[in-house]
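Subject: Structure handover

Hello,

Here is the structure I said I would pass on.

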Amino acid sequence: MKFKYIFLLLVFSCSVATAQPKVADLDKYIAKAQKDWNVPGIAVAIVKDGKVVLSKGYGVKEAGGKEAVDSETLFAIASNTKAFVATAIGQLVIEGKLNWDDKVIDHLPFFELYDDYTTRHATVEDLLCHRLGLGTFSGDLMWYKANLSAEDVVKKVKYVPQAYEFRNGYGYSNLMFIAAGEVIRSASGLPWHEYVKKQIIAPLGMSRTVTSTDDLEAKDNYASPHKPDAVGNNEPIPWVNWDNMGAAGGIISSADDMAKWTIMNLNGGKTSQKTIIAKEQQNRLWTPHNNFVVSEQARAATPGRHFSGYGLGYGVSDYYGKQLVAHSGGYDGMYSYVMMVPDENLGVVVLTNSMKGIASPLCYYIINQYIKAETKDFSAEALARNNNNKSHYDDIAQRRQARVSGTKPSLSLEKYAGTYWAGMHGNVVVVKQDDKLWFYMEDNPGLTADLVHWHYDSWEIKWREPQAWFDFGTLQFKIDNNMKVTGLHFDVPNGDIFFDEVDLVNTKK
C-alpha cells in the first residue's frame, strides 16, 4: 500500500510538472487581445522544448483591408536586430577577428565621442550595453530619415552631448549599435547585413527575413505600419528606410523565421547542423553588463521580477527565480517583442503593425501559463493603464493653449531666411517663397516642412510627409539685441527623436 501511494504520488507530480497550457486557449487569448487593443494585425510564435507550438497571424495587414496576417507575413523587428549584431560579434570573437575588449578606434579610426578619454577607452563590448555616457535615444535625429551612410552617422557622434559618466549609467543608444555594425564590417570585410545574412539568417533557414525595406516588394506578404491617433484609431503610414541604422534596428522578419532564431538560442546557440554562437559567447551576451533599478511600477506590472539589466544586445532579468532574456523593438508604425526563459526552453515572439503596447503583456501572459506563475490578465491590465499616449497629447494641448494670438513677426520674412547649422543637425535651410517660409534639412530630406506663423518669432511646423513619432512642433528664431537672427530652436514634443538637444546657429556673416 505504501509503495502504491508513492507510485501514485510520483505519477501525479510528473503530470503536474509536465502539464502544458492548451494552445487553443492561448490562441483565443491572443485573438481577443488583438481586438481589444484595436491593433490591425499581429503575428505570434511560441516555441517550447525545441518545437514550434504556435506560429500564427491575427487580424489584417492594413487597417480596413481584407488581406489576413499569417505566420509568414513580414514585420519590422526593429531593435530585436541588436541581438543578431551582438551574436555576429560573438562569432567574430571565436574566429579571432576581434576581441571584446578591443578599442573601438582600433577598428574605426573615425570613431569619436564627447571627450578624448572616452574615445580612446571605449571597447567593442561597451558599444553593446548602453554605458558609454550617451543619453537614451540621444542623437537619433542624425540618422532618422537621413541621406547619410552608417559611417557618416558614426562620424557625427562626437556632437552628441555627454549625459552621464563613462560606464557609470545607462542610456539606450542606437548610435553605438550603428558603430558596432561598422566594427563588423572592419573585422569581417562584409557590411553587417551581409555578414548576418551569411552567418546567421541563411544557416537558420530564415528564408523570409530581409535587412532592408528595399527587399519587401520581392518578398511580398508584408504588413503595413500604422500610427495610432489620440483616440486609438490606426492610420496606415509608409515604410521608412532604416538602412543607415540597420545594425541597430533594420531586420524585417516573420513569426515562422523568428521561431527558428528563438529555438536556436534556446538550444545553446546550436542547430542540428551548425553552432551559430558558442555557448561561452552566448553566456556573455546574456550576462548583465549594465544594471538598473526595477521601479515599483515595474514590479507591480510584472510580479516576480527583482533585478534587471542589459547584457549585450539583450535585456536580462530574473523572473520568479528564472532567467528571463528579452528585448523590445520599435519602428515607425510597428512594435515587436521577443522573450525567452532558457530554464524552461521556452520562447515567445510577438510582431505587430501598430505602435501600441500589446506585445509585452502578451509575452508575459504566455510565459506565465507555462511556468505556472501568478495567473492574471496581463493584456487587460496593460490596456487599462494604456491612455492612448494621453500625456503626449496633453502636452501638445498645453502648448496650443500657450499660443498668443494677434502677434506679428519682429522682422520681415526675408530676414529669417538663411542657413542654420549644428553638428547634430547639419544644415537647416529656411527658404522664403512668395509670402511664406519653409525649411529643409540637408542631411534629412524626409524632414521637410512648411512654416505657418504661430506667435512672435515662432512658426508652427507642418511636415510635408507623415511622421510616426511626432506631429505638432514649432520653430523659434532667436534674435539678438540688434534685431539680427542668430539661430533656431526646435520644439517638437516626442519621446524618441529629439530636435531640441542643441540649437542651430545662423551661418550668415
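Alanine 78 is buried, with a relative accessible area of 0%. This alanine 78 sits in the loop between β3 (75–76) and α3. Although alanine 78 is not a glycine, its phi is positive, at about 50°. Most residues other than glycine have a negative phi.

Please keep in mind that this is a predicted model.

Aspartate 220 also has a positive phi, of about 60°, and is not a glycine. The loop that holds aspartate 220 runs between α10 (216–219) and β4 (226–228). Is aspartate 220 buried or exposed? With a relative accessible area of 51%, aspartate 220 is exposed, because the cut-off for that class is over 50%.

Isoleucine 94 belongs to helix α3, which spans residues 81–94. Its relative accessibility is 48%, so isoleucine 94 counts as partly exposed. Which residues does isoleucine 94 touch, leaving aside its neighbours within four places in sequence? The contacts of isoleucine 94 are with Ala278, Glu280 and Gln281. Leucine 141 is 47 residues from isoleucine 94 along the chain, and the C-alpha atoms of the two are separated by 35 Å.

**Confidence**

The average pLDDT of the protein chain is 94, and 96% of the residues score at least 70. Over residues 1–17, however, the pLDDT is below 50. Beyond near neighbours in sequence, that stretch has 0 contacts in the model.

**Annotated regions**

Two annotations come from the UniProt record. The feature "domain: Beta-lactamase-related", from an unreviewed entry, covers residues 26–357. In the model, residues 26–357 are 31% helix and 19% strand, and the end C-alpha atoms of the span lie 18 Å apart.

UniProt also places "domain: Peptidase S12 Pab87-related C-terminal", again from an unreviewed entry, at residues 403–494. Residues 403–494 are 4% helix and 49% strand, with 19 Å between the end C-alpha atoms.

**Helix α16**

Helix α16 takes up residues 378–385, and Phe378, Ser379 and Ala382 are buried in it. Why are these residues on the same side of α16? They cover an arc of only 95° around the axis, which puts them on the same side of the helix. The elements that cover the buried residues of α16 include α2 (23–36), α14 (296–301), β9 (315–319) and α15 (359–371).

**The barrel**

A barrel is closed by 8 strands, with antiparallel pairing, in the order β13-β14-β15-β16-β17-β18-β19-β20. On average, neighbouring strands of this sheet are turned by 30° against each other, direction ignored.

Some details of the pairing around β15:

- Strands β14 (residues 426–433) and β15 (residues 436–441) run antiparallel and are joined by 6 bridges.
- Valine 428 has methionine 441 in β15 as its bridge partner.
- Glutamine 433 is paired in the same way with lysine 436 in β15.
- The hairpin formed by β14 and β15 has 2 residues between the strands. Aspartate 434, in this turn, has a positive phi of about 55°.
- Strand β16 (residues 449–455) runs antiparallel to β15, with 3 bridges joining them.
- Phenylalanine 439 has alanine 449 in β16 as its bridge partner.

Regards

Terms used. Residues numbered from 1 in each chain as written. Predicted model: local features only at pLDDT ≥ 70, side-chain atom pairs only at ≥ 80, totals over all residues. Heavy atoms only, no water. Buried < 20%, exposed > 50% of the residue type's maximum accessible area, 1.4 Å probe, protein only. Arc of directions from axis to C-beta. Contact = heavy atoms within 4.5 Å. UniProt positions renumbered as here; feature names shortened; annotations may be inferred. Pairing = 2+ DSSP bridges. Axes fitted to C-alpha atoms, helices over the stretch in contact; angles between N-to-C directions. pLDDT = per-residue confidence, 0-100.
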